[in-house]
Amino acid sequence: MVSQFGRGPGPTLLLHLNGFDMGPQVCYESLFPEFSKGLADLGAQFIVNVTNDSWYGTWQEPYQHLYMTLARGVEFRRPVLRATNTGISTVALADGEVFPLSPLNKSWAGSYHVPFLKQPASTFYQRHFYLMPGLLWGGLIVLTMAGLWERAGKSGASAGET
């Protein structure tokens, strides 16, 4: 046992300085939308994700982790600033625009102008977060039923023509 680790307090604002409210995420906290929702609920104007992707290797995982992290910014309409030591660092704006990516496993520095809102409005997704699974499953069921209905109609029409 190297140390004793325990659960942290959950989403918190890390910095309240000169009107900036930063919502921090450490590594894979970005994969859980409820964590980012907590940051948005606290009033974070932008999300900063720091991570170590070295254990992912160099194939697809660093990219998957990157885009899953950047998705949080679109869901909650906040810019995401991502800094990694071996992975892919970049910035994504609240509208989903992604700035140039750092190279994988190479020293790199980037400087960007990142627009953000002082008081970002909550998104539909944020306000109705716990309804989303039901809405998505309901939509899938409706589309599946519509597809089956259409398929049955076409096969019935084909059988009547012979």
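Visitor: Which strands does helix H2 lie across, and at about what angle does H2 run to E4?
Guide: This is a predicted model. Helix H2 covers residues 61-76. H2 lies across E2, E3, E4 and E5, with E4 spanning 80-84. Its angle to E4 is about 155°.

Visitor: Which strands does helix H1 lie across, and at about what angle does H1 run to E2?
Guide: Helix H1 takes in residues 33-41. H1 lies across E2 and E3. Its direction relative to E2 is about 165°.

Visitor: What is the strand order of the open sheet, and which are its edge strands?
Guide: Five strands form the open sheet, with mixed pairing. The order is E1-E2-E3-E4-E5. An edge strand here pairs on one side only. That gives E1 (15-17) and E5 (90-92).

Visitor: Which element gives the largest share of the lining of the largest pocket?
Guide: The largest pocket has a volume of about 380 Å³. Its lining has 14 residues, with Arg7, Gly8, Gly10, Glu29 and Phe35 nearest the centre. By class, eight are nonpolar, four polar and two charged. The largest share, three residues, comes from E2.

Visitor: Which element gives the most to the lining of the second largest pocket?
Guide: This pocket holds about 150 Å³ of space. Its lining includes Val48, Trp108 and Tyr112. The elements giving two or more residues are E4 and E5. The most, three residues, comes from E4.

Methods:
Residues are numbered from 1 along each chain as its sequence is written. This is a predicted model: local features need pLDDT of at least 70, side-chain atom pairs count only at pLDDT 80 or more; totals for chains, interfaces and linings use all residues. Side-chain values use heavy atoms; hydrogens and water are left out. Two strands pair if DSSP finds at least two bridges between them. Helices (H or I, at least four residues) and strands (E, at least two) are DSSP runs, numbered from the N terminus. Contact means heavy atoms within 4.5 Å. Axes are lines fitted to C-alpha atoms, for helices over the stretch in contact, and angles run from 0 to 180 degrees between N-to-C directions. On a 1 Å grid over the protein atoms alone, a cavity is a set of points where a 1.4 Å probe fits but cannot get out, and a pocket is an open set with protein on both sides within 12 Å along at least five of seven lines; lining residues have an atom within 4 Å of a point. Grid points are joined across faces, edges and corners, and a volume is the space filled by probe spheres set on the points. Ala, Val, Leu, Ile, Met, Phe, Trp, Tyr, Cys and Pro count as nonpolar, Asp, Glu, Lys and Arg as charged, and the others, Gly among them, as polar.
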